[in-house]
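Hi everyone, thanks for coming. Let me put the structure up, and then I'll walk you through a few places in it.

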Amino acid sequence: MRLLELLIPSAKSRASIAKTEDTSQISLKRIKEPLTSTFFLPNLSEKQTIKLWASYIAFFSLVSILTYLTFTNDISLIIRHSIETVVITILTVTGEMVFVANSAKKFKEFNWRSKQITAYLLSTSFIIVPVLSLLGRLILFFTLGYEVSLNALILETIANTLFTFLMIAVLLTYFEIQYQNIRRAELRTQQKLIEQNEQLKARITPHFFFNLLNTMQYLIETDAYEAERMICHISNLYRVSFDETREIALLDEMELCESYLSIEKYRFDKKLKVTWHLPDEDLLYDMVITSLSLQIVIEKLIVLIVENSTDPIHIIISIDWQNDVAKIDIEIELPATTYQLICQDIRQKLQFNSQVAILRQYFGHEASIHFELSGQLLITQIRYPLKDVAAF
């Protein structure tokens with residue numbers, strides 16, 4: 001009964017996995033939406049756009065009225081000008097925003113390139129703004145009897161065009177900011193999915209999975225206690241694999257590595273020996289790393305070296321922290337009997353691109369993972385900047 005309880009994930013674990021899947025699905029759904037529904041393009045049915053529309057009208061009307069106040073103190077003229085300004089501004093701003101909202105298809109043809117969009121909006125404004133200004137004047141003439149001279153109409157059209165250009169500049173600036181934010185979010189989400197995919201591929205490869213099943217079957221028949229311990233290790237390993245990559249304490253990552261190594265030791269027995277060289281406990285307690293970074297590096301080395309050898313393999317893992325740099329060295333002396341085969345696999349298959357990308361997301365571009373092959377000694381080095389917070 002105890003074995004079954006360990007095999008079946010707890011409710012908390014299932015909830016964590018479901019939450020991660022839901023988050024990824026939401027992120028993907030958001031990315032796949034058209035840009036017009038993902039970030040701002042004028043849509044007068046939304047509160048945010050209505051507020052922006054009202055703020056444009058209020059701003060441009062206020063600027064025009066305050067400018068007019070410097071020329072006259074006649075209350076009747078001020079009231080007349082204010083009415084004219086508000087009507088023309090409402091018509092111009094509304095027409096321009098409706099035009100921008102209906103230009104989404106055109107923006108798509110431009111592949112959302114801001115320079116082409118800017119040129120398109122500015123060129124069409126030379127046509128739309130004069131038409132809207134003339135329409136506003138006709139409305140004022142037929143409803144309130146306001147008349148205006150040709151010179152005044154030309155000056156008003158020029159002013160409205162300049163104001164419209166200013167409005168378009170604000171829209172395009174906001175457009176560009178949101179566009180870049182979405183692209184960055186898209187890249188982050190894609191990177192997370194790649195990371196999760198890399199982690200899961202390592203767990204569900206037929207070779208690894210069937211080895212687990214065979215080992216579990218053997219232990220259940222021969223040693224129920226060891227079988228229970230192995231299932232605990234498997235549970236720990238898979239639980240972290242389903243979580244999002246994050247920064248964790250190095251001690252937690254070491255515990256995960258121990259779970260993985262314990263699983264492999266059941267399979268390799270005395271063929272695999274692992275020794276840890278650790279710094280002072282206080283120093284080690286403060287160190288952090290991204291989840292699964294060290295574990296996956298160790299796993300790749302075991303797959304390429306231990307599985308291809310019949311000789312005992314001794315892995316030495318040394319951890320240090322000096323001058324704000326975390327240093328992890330993994331040393332393996334390659335066996336002489338299969339040296340050529342292992343060297344060939346190392347040069348062709350030993351890559352840490354995903355793990356380096358993850359480390360650099362959290363610790364900067366100075367983070368690195370590389371290996372050196374000197375004679376029969378393979379040294380894999382993990383380096384990443386890590387400041388001691390306690391020192392400040």
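**A walk through the model**

Let's begin with serine 293, which is found in helix α13, residues 293-306. Helices here are DSSP runs of H or I with at least four residues, strands are runs of E with at least two, and both are numbered from the N terminus. Before going further: this is a predicted model, where local features need pLDDT of at least 70 and side-chain atom pairs count only at pLDDT 80 or more, while totals for chains, interfaces and linings use all residues. Residues are numbered from 1 along each chain as its sequence is written, and side-chain values use heavy atoms, with hydrogens and water left out.

Is serine 293 buried or exposed? Serine 293 counts as buried, because its relative accessibility is 3%; buried means under 20% relative accessible area, exposed over 50%, and partly exposed in between, with a 1.4 Å probe and protein chains only. What does serine 293 touch, leaving aside its neighbours within four places in sequence? Its contacts are Glu253, Gln355, Ile358 and Leu359, where contact means heavy atoms within 4.5 Å.

Next, isoleucine 231, which sits in helix α10, residues 224-242. Isoleucine 231 is buried too, with a relative accessible area of 3%. Isoleucine 263 is 32 residues from isoleucine 231 in sequence, and the two are 8.9 Å apart in space, C-alpha to C-alpha.

Phenylalanine 141 lies in helix α7, residues 114-144, and counts as partly exposed, at 38% relative accessibility. Phe141 belongs to a nonpolar surface patch with Leu134, Leu135, Leu138, Ile139 and Phe142, together about 570 Å² of accessible area. Patches are made of residues with over 30% relative accessible area and no salt bridge, joining like charges within 9 Å and nonpolar side chains (Val, Leu, Ile, Met, Phe, Trp, Tyr) within 5 Å. A salt bridge is a side-chain nitrogen of Lys or Arg within 4 Å of a carboxyl oxygen of Asp or Glu.

There is also a negative surface patch, formed by Asp280, Glu281, Asp282 and Asp286. Aspartate 280 lies in the loop between β2 (272-277) and α12 (281-286), and is exposed, with a relative accessible area of 60%.

Finally, the overall picture. The protein has 15 helices and 7 strands. Of its 392 residues, 42% count as buried. Among contacts with a separation of 6 or more, 75% come from residues 24 or more positions apart.

Note on methods. Accessible areas come from the Shrake-Rupley method with a 1.4 Å probe; for residues, only the protein chains shown count as cover. Lys and Arg count as positive and Asp and Glu as negative; His and the chain ends are not counted. The place of a charge is taken as NZ of Lys, CZ of Arg, CG of Asp or CD of Glu.
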